[in-house]
Amino acid sequence: MSATASQPETDYFLRKLHSFTGILPVGAFLAEHFWSNSSALVSPDRYNTVSRELQTIPFRLFVEWGAIFLPMLFHGGYGIYIWLHGKSNVSAYPWVGNWLYTAQRYAGLIAFAYIGWHLYTERWLTHGRSTYANVADDMQNPMYLAFFVIGVLASSFHLGVGIWNFLCKWGLAATAKAQQAAGRLGALVGVAFGIVGILIVLSFRFDWHPFSAYLPNK
């Protein structure tokens, strides 16, 4: 088989892998990250405790690189490749799918930059010892706060549309009715993640803990 003939197969495999890594493990990491950070809605001490627990799991570096960083770099890097080489026909055919394709690409680019910056500031610079006070102090900076809000919303939107794309591309939503249901599921996930993410931001920004009643009485 010639190199030219094998190229479509390679592209097909990489696109499938790109779609899969957007759900597992990148999407799963985003879900876990939102879940663990939501402990800030309980109390600063609870957030610090959860953060310490995550930083002391066995084989943390292997888990981070094997299940988070490398898949994320591939998904983001290949996503940029697709974005640069793909062609959107929104102006000629203003269908919802085309608009979502374009919006998801821009949201993915923003999310990739945001997640990389967030890992650098909260993971590398702090050597994995970021505390509630660190994040809350950063949130007092208006530029940081704005970028955080935009990044959270872009990540949520990208994941929501990605779920719809994944279910359709992998044949899990083959009929028109199933694809509509997949779209509703993706929209639900995107909105839910966006709301939770903004609530977490508000917790850090205003020292707000609406679930403090969950703490045991002393």
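## Basis

The model is predicted, with local features requiring pLDDT of at least 70 and side-chain atom pairs pLDDT 80 or more, while totals for chains, interfaces and linings use all residues. Residues are numbered from 1 along each chain as its sequence is written, and side-chain values use heavy atoms, with hydrogens and water left out.

## Overall fold

The chain has eight helices and zero strands. Helices here are DSSP runs of H or I with at least four residues, strands are runs of E with at least two, and numbering starts from the N terminus. The C-alpha trace spans about 65 × 35 × 30 Å along its principal axes.

Of the 218 residues in the chain, 38% are buried. Buried means under 20% relative accessible area, exposed means over 50%, and partly exposed lies in between, with a 1.4 Å probe and protein chains only.

## Helix α7

α7 (142-169) contains 28 residues and reaches 40 Å from its first C-alpha to its last, close to the expected 40 Å. The expected span is 1.5 Å times one less than the number of residues.

After α7 comes G171, which has a positive phi near 75°.

## Backbone exceptions

Most residues other than glycine have a negative phi, and most peptide bonds are trans. The bond between L24 and P25 is cis, with omega about 10°. P25 sits in the loop between α1 (3-23) and α2 (26-37).

F59 belongs to the loop between α3 (44-55) and α4 (60-85); F59 counts as exposed because its relative accessibility is 65%. D207 lies in the segment after α8 (176-206).

## Nonpolar core

The largest nonpolar core has 30 residues, and M72, M139, F148 and F204 have the most contacts inside it. Such a core is a set of buried Ala, Val, Leu, Ile, Met, Phe, Trp, Tyr and Cys residues joined through side-chain atoms within 4.5 Å. Two or more residues come from each of α2, α4, α5, α6 (132-138), α7 and α8. α7 gives the most to this core, with seven residues. In soluble globular proteins, nonpolar side chains tend to be buried together.

## Pockets

The largest pocket holds about 780 Å³ of space. A pocket is an open set of points on a 1 Å grid over the protein atoms alone, where a 1.4 Å probe fits, with protein on both sides within 12 Å along at least five of seven lines; lining residues have an atom within 4 Å of a point. Volume is the space filled by probe spheres set on the points, which are joined across faces, edges and corners. The lining has 37 residues, and F29, E32, H33, N37 and L54 are the closest to the centre. α2 gives the most to this lining, with seven residues. By class, the lining has 20 nonpolar, eleven polar and six charged residues. Ala, Val, Leu, Ile, Met, Phe, Trp, Tyr, Cys and Pro count as nonpolar, Asp, Glu, Lys and Arg as charged, and the others, including Gly, as polar.

The second largest pocket has a volume of about 590 Å³. Of its 32 lining residues, H18, G22, H75, Q104 and H158 are the closest to its centre. Two or more lining residues come from each of α1, α2, α4, α5 and α7. The classes in the lining of the second largest pocket are 15 nonpolar, 13 polar and four charged residues.
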